[in-house]
Amino acid sequence: MLFYHFGKYILLLKSVFKKPEKFSIYQEEIFREMVDIGLGSLGIISIISVFIGAVTTVQTAFQLVSDLIPKSVIGGITRDSTILELSPTICSLVLAGKIGSSIASQIGTMRVTEQIDALEIMGINAPGYLILPKVTAGIIMVPMLVIVSIFLSITGGYLAGTASGAVTAAEFVQGLTTNFNPFTVTIAMVKAVTFAIIITTVSAYQGFYTDGGALEVGQASTKAVVISCIAILAADYIIAQLLL
Amino acid sequence: MIDITDIRKSFGDNQVLKGISATFKPGVSTLIIGGSGSGKTTLMKCMVGLHQPDSGMVTYDGRDFTSLSFDERIDIRKEIGMLFQSSALFDSMCVEKNILFPLNMFSDMSKAEKKDRVNFVLERVNLAGKNKLFPAELSGGMKKRVGIARAIAMNPKYLFCDEPNSGLDPKTSILIDELIQEITAENNITTIVVTHDMNSVMGIGEHIIFLHQGQKWWEGSNQQITSTNNKELNEFVFATKLMETLLKK
């Protein structure tokens, strides 16, 4: 069954990446999706990121009880945890819930109300028209959201650390700027792009093959979120194993 | 003209279509009627390529449709208009954008020409001035008419209508039937209507095909349908008290 769905998923992707009928129409759709995915998620990503950074700083400070370890380490740990893991992964898990369910229910509703049949009758490659703009917009916007998240998360960590007195501003900044490895940002971007592809394509697959009515659209939406989250965590481990 | 030859289609063990052959002529509305589960919609979906028949052939003016791939079918698909049971209007687009959609995708018309075409087809379905309304703001009958407008926007040679009267009151149903018949005659379109509405059968049934248990059970016109001895067809036609009463009169 798993192989059946995986094969069907690959065949769907093959249709998605066919040459568009009219590029200008696809371009318009891509911009619309970029606004939906990017700007539409900026609020929740910002709130989550500030708290992720704050909690990371406070908890790291709590565990650093030895006087032999300088307090500036807190800044370094917050930076690396945020860049390598927390911002790309947690943001993507949240986006899987927000964007993934929206994509699955949108495409699923179009399926059960015959709108996808209408596209096919017109001679339009429905997977391409419906899914390609979402995948493209995701690949562009999710890394941008992750970059914003990294900055806000570190800012959150700085504010929480200094406000609670766990670390001074100078120590935190010293930790942030010491031993910075730029490759960690590359890894974060690789993760962001991979997760964007997973969220958009898995959710679109679930929506595209919805069969039935409103109940099945809801189920497709739930499945899209669950499968995307599992796939994100699996991909996270594989990328970490391969690149670190 | 559309020809179908020995169309067969199964879903698992359930054989829905058991070898159906028919010819659909231009300028004539052909009604495919039958009870629920008789295979009407499946036959239509096989004809337009939404289902691939297990065997048999569909030809559009001599062009074999069934053996073509999705990409190769595009030229024929551009000549097909379809009205869906649920109207299948794109929720995120207003009436005007719904009708413009196929024109934007496939026509080489200028912006002004496209706009004129939209206004023309909207006028044709008696919805002039409703360009900016969204599907959620339309009644069932209006949605069907927008569906027809979108279907005829590209000047199709073939028009398919799946249950065009479902969910409509009798008066609106008649309006939709008359509209389909007028458009068919005006543009010499080959029109196929799947329905189980007896008002449509008696109103616009120039050519009727009755399906029963996945087979073509009877073929004729609305003039012949009330005088046939076909048991299954009579059970279908006279299932309502209204038809029975009318016949007795």
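**Exercise 1.** Which residues have the most contacts inside the largest nonpolar core, and how many residues does this core have?

*Solution.* Keep in mind that you are looking at a predicted model. Start with the size: the largest nonpolar core has 92 residues. Next, look for the residues with the most contacts inside this core, and you will find A:Tyr129, B:Tyr60 and B:Phe160. Then ask where the core residues come from: H5(A) gives the largest share, 13 residues. Chain B takes part too, as the core draws at least three residues from each of domain 1 (2–79 + 156–248) and domain 2 (92–155) of that chain.

**Exercise 2.** List what A:Tyr129 touches, leaving out residues up to four places away in sequence.

*Solution.* Begin in chain A, where A:Tyr129 touches A:Ile25, A:Tyr26, A:Glu29, A:Leu119 and A:Ile124.

**Exercise 3.** Find how helix H1 (residues 2–16) and helix H5 (residues 126–164) of chain A are arranged.

*Solution.* First, check the axes: they come within 8 Å and cross at roughly 90°. An angle of 65 to 115 degrees counts as roughly perpendicular, and H1(A) and H5(A) are therefore roughly perpendicular to each other. Now pick out the contact: H1(A) supplies A:Leu12, A:Ser15 and A:Val16, while H5(A) supplies A:Pro127, A:Gly128, A:Ile131 and A:Leu132. Finally, sort these residues: 5 are nonpolar, 2 are polar and none is charged.

**Exercise 4.** Decide whether helix H1 (residues 40–48) of chain B is enclosed or open.

*Solution.* Count the buried residues: they are 8 of the 9, so the helix is largely enclosed by the rest of the structure. Among them are B:Leu43, B:Met44 and B:Val48.

Key: Residues numbered from 1 in each chain as written. Chains lettered and ligands numbered in written order. Predicted model: local features only at pLDDT ≥ 70, side-chain atom pairs only at ≥ 80, totals over all residues. Heavy atoms only, no water. Axes fitted to C-alpha atoms, helices over the stretch in contact; angles between N-to-C directions. Helix = DSSP H or I, 4+ residues; strand = E, 2+ residues; numbered from the N terminus. Parallel < 35°, antiparallel > 145°, perpendicular 65-115°, else oblique. Contact = heavy atoms within 4.5 Å. Nonpolar A, V, L, I, M, F, W, Y, C, P; charged D, E, K, R; others polar. Core = buried A, V, L, I, M, F, W, Y, C linked by side-chain atoms within 4.5 Å. Buried < 20%, exposed > 50% of the residue type's maximum accessible area, 1.4 Å probe, protein only. Domains from an automatic or database assignment.
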